[in-house]
Amino acid sequence: MAELAIIGGTGLSSLKNLEIIRREVVHTRYGEPSGPITYGKICGKEVVFLARHGYGHTIPPHRINYQANIAALKEVGASKVIAVAAVGGIRSDLAPGRLVVPDQIIDYTWGRSPSFFEDGLTSVTHIDFTDPYSQPLREQLLQAARAGSIDLVDGGVYGATQGPRLETAAEITRLERDGCDLVGMTGMPEAALARELDLEYACCAVVANWAAGRGEGGIMENIDLHLKEGMDKVRGLLEQVIPII
Ligand code: HPA
């Protein structure tokens with residue numbers, strides 16, 4: 001049974017270094033996940049993989065069934081999740097192409113099912129979300145990056161926005177004032193749902209672009225190039241981290 005699950009985001013619908021063993025369609029009581037769960041091996045170690053936006057990259061951030069995705073990963077026996085996500089860089093050092101392991105979240109999303117603990121409860125349930133990411137898993141990612149000489153920024157506040165549109169420049173200024181360092185559309189409720197099911201969850205964010213109104217040039221400039229560069233680094237990072245998990 002694979003202990004580690006990888007959720008791939010934009011630019012990572014498949015893993016080139018994953019030797020695929022089989023695919024499984026998992027139905028959950030919360031509905032269908034974004035696609036079948038892929039079982040495979042990286043560096044000889046079993047992992048499961050799920051493409052967050054579907055394998056054809058067709059599901060927009062606000063339509064993803066986050067509950068079904070997390071429930072499916074739990075159901076197939078994963079206990080740790082590395083969530084790869086494309087983001088925009090707000091902080092001046094978070095330039096396109098860089099990788100970040102955030103340590104905090106501010107949630108601006110709305111209308112998404114935020115919890116497994118909603119109906120049929122015997123008592124109201126609250127999770128401790130002071131530190132939204134698993135610190136041991138974050139540290140393993142950082143350790144792997146050091147071992148592989150991969151540039152990986154330690155810490156940052158992830159602002160989770162609703163999408164699917166990108167933000168206005170004023171919204172980014174507000175996020176910055178709030179303390180956000182990076183902005184993405186899929187970080188929540190994914191992280192909270194993982195915590196509710198006791199999954200160790202960490203995010204590896206790939207800066208695809210400068211956030212709106214930041215940096216030089218347009219927001220979409222060279223986005224595919226930066227994503228590709230970042231995702232190539234992610235593949236290298238996964239090869240380093242898998243043996244130590
Ligand atoms: N904003 C929100 N989500 C994103 C961005 C962005 O600039 N880039 C990649 N995902």
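**View 1. Helix H2 and its buried residues.** Leu137, Arg138, Gln140, Leu141, Leu142, Ala144 and Ala145 are the buried residues of H2 (buried: under 20% relative accessible area; exposed: over 50%; partly exposed: in between; 1.4 Å probe, protein chains only). Helices (H or I, at least four residues) and strands (E, at least two) are DSSP runs, numbered from the N terminus. The model is predicted: local features need pLDDT of at least 70 and side-chain atom pairs count only at pLDDT 80 or more, whereas totals for chains, interfaces and linings use all residues. Residues are numbered from 1 along each chain as its sequence is written, and side-chain values use heavy atoms, with hydrogens and water left out. The buried residues of H2 pack against strands S5 (80-89), S6 (99-101), S8 (152-154) and S11 (200-210) and against helix H5 (223-241), contact meaning heavy atoms within 4.5 Å.

**View 2. The length and ends of H2.** The 13 residues of H2 (residues 135-147) should span 18 Å at 1.5 Å a residue, and the end C-alpha atoms are 18 Å apart, which agrees; the expected span is 1.5 Å times one less than the number of residues. Ser134 caps the N-terminal end of H2, with a side-chain oxygen 3.1 Å from the backbone nitrogen of Leu137. Just after H2, Ser149 has a positive phi of about 50°.

View 3. Around the ligand are Ala86, Val87, Gly88, Leu166, Glu167, Val183, Gly184, Met185 and Asn209, each with a heavy atom within 4 Å of it. A polar side-chain atom of Glu167 lies 2.8 Å from a ligand nitrogen, and an N or O atom in the side chain of Asn209 is 2.7 Å from a ligand nitrogen. The protein buries 91% of the 260 Å² that the ligand exposes when taken alone (Shrake-Rupley method, 1.4 Å probe).

View 4. Helix H1 (residues 66-75) is largely enclosed by the rest of the structure, because 8 of its 10 residues are buried. Its buried residues, among them Tyr66, Asn69 and Leu73, pack against strands S1 (4-8), S3 (37-42), S4 (45-51) and S5 and against helix H4 (190-196). Gly77 follows H1 and has a positive phi, near 100°.

**View 5. Cys43 and Cys204.** The count of disulfides is 0, a disulfide being a pair of cysteine sulfur atoms within 2.5 Å. The closest cysteine sulfur to that of Cys43 is in Cys204, 15 Å away and too far for a bond. Cys204 is in no disulfide either, the nearest cysteine sulfur being that of Cys203 at 6.9 Å. Cys43 is exposed at 51% relative accessibility, whereas Cys204 is buried at 1%.

Technical notes
A polar contact is a pair of N or O atoms within 3.5 Å; within protein, one must be able to donate a hydrogen and the other to accept it, and residues adjacent in sequence count only if both atoms are side-chain atoms.
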